[in-house]
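Good morning, and thank you for joining this meeting. I shall present one structure and ask you to follow along on the display.

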Amino acid sequence: MSEQILPGQPHIAYHGNQLHVEQVRLSDLARQYGTPLFVYSSAAMLSALAAYQRGFSGRNAQVCYAMKANSSLAILQLFARAGCGFDIVSGGELERVLAAGGQADKVIFSGVGKTRSEMQRALAAGIACFNVESQAELEVLNQVALAMGRQAPVSIRVNPDVDAQTHPYISTGLKDNKFGIAHEQTLATYQRASSMPGLKVVGIDCHIGSQITQEAPYLDAMDRVLDLVGAIEAAGISLTHIDFGGGLGINYNGDTPPAADALWSKLLAKLDARGYGQRQIMIEPGRSLVGNAGVCLTEVLYLKPGPLKNFCIVDAAMNDLPRPAMYEAFHQIVPLSPRGGKSQVWDVVGPVCESGDWLGRERALDLATGDLVALLSAGAYCMSMASNYNSRGRAAEVLVNGEQSYLIRQRETVADQMRHEQLVG
Ligand code: LLP
């Protein structure tokens, strides 16, 4: 049986004429569970994690999966069992970690707008660190901790002002982004934090953006962060860990990001050269752990050739996979069972009533009504950003492990959607 692995997706391959995730035939899953359907490869997620673990071998390091990329419970469970901690940005994410069997003491809490009640819950649960993003947040966290008779462990997220050379919506380390404390205010902020009785300074944090495909921005950011570590410690404030964020890109369309282990061997060389090699390292990767482990299966509903464009209308839409509409992002689209005939050029669009509801533009595909296609690289920021727009239920999800497949989320019903609403009178 011939095997054809798709570029950048080693666990997604054609066996014969049928697309598989690991050993499971995707058309069987589509038939069993319906479409749109997300399918994830456990092996792909674990091998992405292993690349980081190889890079950190012999070091004191903790991978905290940035679960905003995909927060489905079974995926959190997989990473928790593999030793991961979690980077969270809301109280809801903390409850998901705990429900999936994750450890609170491996959780770090990022984000510019933590509420008092979220702080209280995270302190009570005993998380590892709050990544604080402003002076005002420091003051509130100090008050909350004192009222509970606790000390909150904190890092300050610094904004190293480097250009991550990515889409402007997902760049976070520039001066005009809302994230982090400006480089020049960092030392004063650390001094203020270390004088607050409700806080215990434990680290420093940065995150410069997402879908970063070059190593230069990382190397620059590391230099700047280490300069700050030197200045903070010279002022008598010691830092136990350095959190270097996430952001490593994946291959969507021929992108060639550095491999996690290769990138980290260069970054660790910088730490070694400056005498910080034994410091605890934390990282917050999201997309690079799950992005290329997932596909979204969808059925061709109608073909609508036209004078200017040919439209292929499928049953997945911008509510399932919002990245093209939001960022003009590219996801490869491939048939589950190629027909081998002549391709035509199609705009692949969903049923939602918006011109922005497109999934792929000008794709050469040989399609017929009823065919099944897969949108690739759909493991990150698809299901976690899905909505009920147009009162569409969110898709079902399946996790594959070898020859086994597990339904990890049922398709949302209309009753599920209306559960919290009521009529007046
Ligand atoms: N840490 C922090 C503080 C973050 O803000 C993020 C992502 C991460 C870690 C994880 O970054 P990653 O390794 O996944 O690149 N919805 C967008 C991406 C938004 C990323 C926001 N922050 C997309 O679909 O491309």
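Let me begin with a question: leaving aside its neighbours within four places in sequence, which residues is E412 in contact with? Please note that what you see is a predicted model.

To locate E412, look at the loop between β22, residues 404-409, and α12, residues 414-418. Once the neighbours within four places in sequence are set aside, the contacts of E412 are N388, G393, R394 and Q417. With N388 there is a polar contact between the two side chains, at 3.0 Å. Is E412 buried or exposed? Its relative accessible area is 17%, and because buried means under 20%, E412 counts as buried.

I now turn to the ligand. It is surrounded by 19 residues, and the closest are S210, E284, R323, Y327 and Y381. Sorted by class, this shell comprises six nonpolar, seven polar and six charged residues. Which domains contribute to the shell? At least three residues come from each of domain 1, which spans 3-41 and 291-418, and domain 2, which spans 110-285.

Several individual distances deserve mention. A polar side-chain atom of E284 is 2.6 Å from a nitrogen atom of the ligand. In Y327, an N or O atom of the side chain lies 2.7 Å from a ligand nitrogen atom. G286 takes part through its backbone, where an N or O atom is 2.8 Å from an oxygen atom of the ligand.

Definitions and conventions. Residues numbered from 1 in each chain as written. Predicted model: local features only at pLDDT ≥ 70, side-chain atom pairs only at ≥ 80, totals over all residues. Heavy atoms only, no water. Near = heavy atom within 4 Å. Polar contact = N/O pair within 3.5 Å; in protein donor to acceptor, adjacent residues only side chain to side chain. Nonpolar A, V, L, I, M, F, W, Y, C, P; charged D, E, K, R; others polar. Domains from an automatic or database assignment. Helix = DSSP H or I, 4+ residues; strand = E, 2+ residues; numbered from the N terminus. Buried < 20%, exposed > 50% of the residue type's maximum accessible area, 1.4 Å probe, protein only. Contact = heavy atoms within 4.5 Å.
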